[in-house]
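Subject: Structure handover

Hello,

I am passing on the structure we spoke about. Please look through the sequence and the model before reading my notes.

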Amino acid sequence: MTELAAVAAIYPHIKASEGEVLAISTDSVHSHQVFKQITPALKNIDFPLVSDRTHEISKAYGVLDTATGTAYRASLFISPEQIISAKFIYPKEIGRNIPEHLRLLQALQHNKETGQGAPANWMPRFRG
């Protein structure tokens, strides 16, 4: 399963947690369209695929691999106040743990709502 398909599978939970997804890559808009057409699991994704051909976005967030001209496999959590709350950069050979991303989103919101932290292995049904 591609990471985009994994995100699409839990996207309703992300939206329910008042989160949003922007899938940004240095690929062209055309390549995004073709990828969606040839990958059955991506035909119905509901979040935007953003092309960063100019590398402006990747450079701004410090995730551009200048040697290859591609973005690192990165995930950024940006608050409504436009503050980066968390940033992960993964090796290109390793897929991201998308359920952990949802847990992090929910933990950040829990902290904002209650002022409490979220200890190791915290889950939304637990108190901080």
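Below is what was found, starting with the overall picture and moving on to single contacts.

**Confidence and overall layout**

Please keep in mind that this is a predicted model. The mean pLDDT of the protein chain is 91, and 97% of the residues score at least 70. Among the elements, helix α3 has the highest mean pLDDT, at 97, while helix α2 (residues 29–38) has the lowest, at 89.

The protein chain contains four helices and six strands. Their order along the sequence is α-β-α-β-α-β-β-β-β-α. The C-alpha trace spans about 45 × 30 × 25 Å along its principal axes. Of the 128 residues in the chain, 30% are buried. Taking contacts between residues at least 6 apart in sequence, 45% join residues that are at least 24 apart.

**Helices α1 and α4**

Two packed helices are described by the angle between their axes and the distance between the axes. For helix α1 (residues 3–16) and α4, the angle is about 30 degrees and the axes are 9 Å apart. The crossing of α1 past α4 is right-handed. Which residues meet here? From α1 they are E3, A6, V7, I10, H13 and I14, and from α4 they are I98, P99, L102 and L105.

**Salt bridges**

Side chains of opposite charge can pair when their charged atoms come close. How many salt bridges does the structure hold? There are six, and I describe some of them here.

K15 pairs with E20, with 2.8 Å between the closest N and O atoms. Both partners are partly exposed: K15 has a relative accessibility of 41%, and E20 has a relative accessible area of 47%.

D65 forms a salt bridge with K92, where the closest N and O atoms are 3.4 Å apart. This pair links distant parts of the chain, with D65 in strand β3 (residues 64–65) and K92 in the loop between β6 (84–90) and α4 (98–114), 27 residues apart. Is D65 buried or exposed? D65 counts as buried because its relative accessibility is 13%, under the 20% cut-off. K92, at 34%, counts as partly exposed.

R103 and E100 also meet through their side chains in a salt bridge, at 2.7 Å from N to O. These two residues are three apart in helix α4, so about one helical turn separates R103 from E100. E100 is partly exposed, at 30% relative accessibility. Elsewhere, salt bridges that share partners join E3, R73 and R96 into one network.

**Aromatic residues**

The structure holds three aromatic pairs. One of them is formed by F77 and F88, which lie edge-to-face, 6.1 Å from centre to centre and with 90 degrees between the planes. F77 is in strand β5 (residues 73–78) and F88 in strand β6, so the pair ties together parts that are eleven residues apart in sequence. F77 is buried, at 13% relative accessibility, whereas F88 is partly exposed, with a relative accessible area of 30%.

F88 also pairs with Y90, this time in a tilted arrangement with 6.3 Å between centres and 55 degrees between the planes. F77, F88 and Y90 form one aromatic cluster.

Where does T26 lie? T26 is in the loop between β1 (23–25) and α2. T26 counts as buried because its relative accessibility is 7%, under the 20% cut-off. Neighbours within four places in sequence aside, the contacts of T26 are D52, R53, H55, S58, L64, G69, T70 and A71.

T54 also sits in a loop, between β2 (49–51) and α3 (56–60). T54 and T26 are 28 residues apart along the chain, and their C-alpha atoms are separated by 7.7 Å. T26 is buried, whereas T54 is exposed, with a relative accessible area of 58%.

Regards

How values were computed: Residues are numbered from 1 along each chain as its sequence is written. This is a predicted model: local features need pLDDT of at least 70, side-chain atom pairs count only at pLDDT 80 or more; totals for chains, interfaces and linings use all residues. Side-chain values use heavy atoms; hydrogens and water are left out. Buried means under 20% relative accessible area, exposed over 50%, partly exposed in between (1.4 Å probe, protein chains only). A salt bridge is a side-chain nitrogen of Lys or Arg within 4 Å of a carboxyl oxygen of Asp or Glu. pLDDT is the predictor's confidence in each residue, from 0 to 100. Rings of Phe, Tyr and Trp (its six-membered ring) pair if their centres lie within 6.5 Å; planes under 30 degrees apart count as stacked, over 60 as edge-to-face and the rest as tilted. Axes are lines fitted to C-alpha atoms, for helices over the stretch in contact, and angles run from 0 to 180 degrees between N-to-C directions. A crossing is left-handed if the near helix is turned anticlockwise from the far one by less than a right angle, and right-handed if clockwise. Contact means heavy atoms within 4.5 Å.
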